[in-house]
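Me: I want to learn how to read charged pairs and nonpolar cores in a model. Please take me through them.

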Amino acid sequence: MALSRRNGRSRATLVFLVLTSMTVITLDFRGQDSGIIGDVRRVATDALAPVRDGADKVLSPVGNAFSGITDYGDLKDENARLRARIADLEGQRLRSADAEAERKALIELNGLDYLGNLPTVAARVVSAPVSNFEQTIELDRGTNHGVRTGMPVVTGAGLVGHVVEVSGRRSLVRLVSDPSSSVGVRLLPSGESGIADGEGPRRQLGVGFIATNAKVARGDLAFTSGLEGGSDLYPAGIPVGRVTSASSPPGELEQHVELRPAADLAHLRFVKVVKTKIRNGA
Amino acid sequence: MSPSLRIPPVLLVAAVLHTAVMPQFRVLDTAPDVLLLLAIAAGLVGGADRGATMGFMAGLLADCFLQTPFCLSALAYCLVGWSVGIFQARILHATWWIPMLTTGVAAAAGILLYAGLGAVVGQTQLISTRLVTVVAMVAVLDAVLSPLAIRAMRWTFDVEQRGAILLTR
């Protein structure tokens with residue numbers, strides 16, 4: 001008797017919680033991060049910020065040591081790759097003056113803006129991705145420092161992502177490697193436009209909508225095109241990455257192109273938030 | 001101290017572990033899901049009712065730091081907490097490895113449920129080849145951490161190890 005009463009009560013609790021969850025999910029969809037749900041997220045982020053800061057400062061050396069152990073094989077491979085790259089770069093250094101002039105000419109020819117004139121806010125990365133699914137980082141700058149939702153985030157090397165949520169002292173940045181990220185890109189020197197989609201951590205970006213007859217080759221540069229990419233529209237001219245492979249499988253209508261992101265997304269410590277708001281092109 | 005007074009600090013500690021500590025210790029880019037583990041441990045120790053309630057609260061905390069629809073984790077975690085709680089009596093006092101195995105299976109089910117429910121409400125990016133890695137790693141890592149979580153839940157619900165079933169009935 002007592003057992004069946006307990007089971008009945010637990011079922012009632014479950015039904016109540018499931019209905020509550022479904023109601024809130026529906027409200028969140030309709031509110032689109034505004035209103036009380038957006039406020040709850042912002043308050044929680046700000047409230048835990050000091051504790052998370054402290055934990056990050058104390059634990060990041062331990063975490064680095066741990067990832068050094070668990071990723072030892074990857075680090076060894078990366079070390080070998082970097083040594084080979086240094087050798088390549090030494091050879092390329094002499095040709096770099098010509099290549100730089102050519103790159104500038106191509107950017108100018110394709111009507112791309114320079115990011116140099118836009119104001120930026122320097123920020124420190126204070127948190128790695130919390131979720132196992134989302135590729136996001138948290139910055140120690142928020143609305144108090146002029147950061148707003150939608151602003152692009154870059155490093156000296158290129159595009160990192162854009163701000164998707166901001167509170168007083170914190171902002172959350174969705175990386176270009178996030179599976180829900182899409183960036184409109186233009187490949188140089190071909191001038192072909194496509195959309196670079198994120199495919200998860202440590203994976204390259206897949207570029208869609210490149211015609212099979214387009215002349216795209218390994219080593220080509222990709223810049224933001226300023227054209228619509230998914231629902232986001234970045235200013236033109238931000239380096240996104242470099243083509244690592246391009247192939248046209250028989251029967252396909254577009255090429256399979258992959259980009260290595262220009263910014264080292266796995267080891268971000270400091271970034272710049274560009275004070276220009278991306279428009280929502282959806 | 002009554003269990004209702006112990007729940008908030010336990011949730012706070014779990015949130016800090018989940019958002020600040022565990023992301024530092026990733027294996028294959030995957031961190032243990034401490035808040036899901038809390039829901040499972042609550043179901044194991046406190047039964048279906050407490051599992052569902054703790055799962056809902058832990059999920060709400062997780063949702064504060066995610067971009068997926070608010071309450072999606074709460075829905076998935078409360079279902080997992082409740083389901084584990086249904087089998088509580090048979091699991092908690094079995095051989096030492098049964099609760100660990102149950103935690104691993106429940107954690108895998110919780111992640112699949114979260115991704116599946118997410119896909120239903122339009123978060124199709126959750127369903128990818130990476131899901132396999134995340135499910136496997138979270139299952140293993142949460143199973144390894146389960147003895148600590150079960151101990152924490154015993155303290156929270158003020159349940160003695162041997163009298164758990166009697167007290168929760």
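Reply: Start with the salt bridge: a side-chain nitrogen of Lys or Arg within 4 Å of a carboxyl oxygen of Asp or Glu. Side chains of opposite charge can pair when their charged atoms come close. This is a predicted model, where local features need pLDDT of at least 70, side-chain atom pairs count only at pLDDT 80 or more, and totals for chains, interfaces and linings use all residues. Residues are numbered from 1 along each chain as its sequence is written, chains are lettered from A and ligands numbered from 1 in the order in which they are written, and side-chain values use heavy atoms, with hydrogens and water left out.

Me: How many salt bridges are there over all chains?

Reply: The whole-structure search gives 5. One of them joins the side chains of Asp29(B) and Arg202(A), 3.1 Å from N to O. This pair crosses between chains. Asp29(B) sits in the loop between H1 and H2 of chain B, and Arg202(A) in the loop between strand E7 (193–197) and strand E8 (205–208) of chain A. Helices (H or I, at least four residues) and strands (E, at least two) are DSSP runs, numbered from the N terminus.

Me: Is Arg202(A) buried or exposed?

Reply: Buried means under 20% relative accessible area, exposed over 50%, partly exposed in between (1.4 Å probe, protein chains only). Arg202(A) has 54%, so it is exposed.

Me: Which residue does Asp39(A) pair with?

Reply: Its salt-bridge partner is Arg42(A), at 3.3 Å from N to O. Asp39(A) is partly exposed at 40%. Arg42(A) is partly exposed too, at 24%.

Me: What about Asp140(A) and Arg141(A)?

Reply: Their side chains form a salt bridge at 3.5 Å, N to O. Asp140(A) counts as buried, at 17%. Arg141(A) is partly exposed, at 27%.

Me: Now the cores. Which residues touch the most other members of the largest one?

Reply: A nonpolar core is a set of buried Ala, Val, Leu, Ile, Met, Phe, Trp, Tyr and Cys residues joined through side-chain atoms within 4.5 Å. The largest here has 70 residues, and those touching the most other members include Leu38(B), Met54(B) and Phe157(B). H2(B) contributes the most, 11 residues.

Me: What does Leu38(B) touch?

Reply: Contact means heavy atoms within 4.5 Å. Leaving out residues up to four places away in sequence, Leu38(B) touches Val10(B), Leu11(B), Ala14(B), Met54(B), Ala58(B) and Met153(B). Apart from this core lies another, of 38 residues, among them Val121(A) and Tyr234(A).
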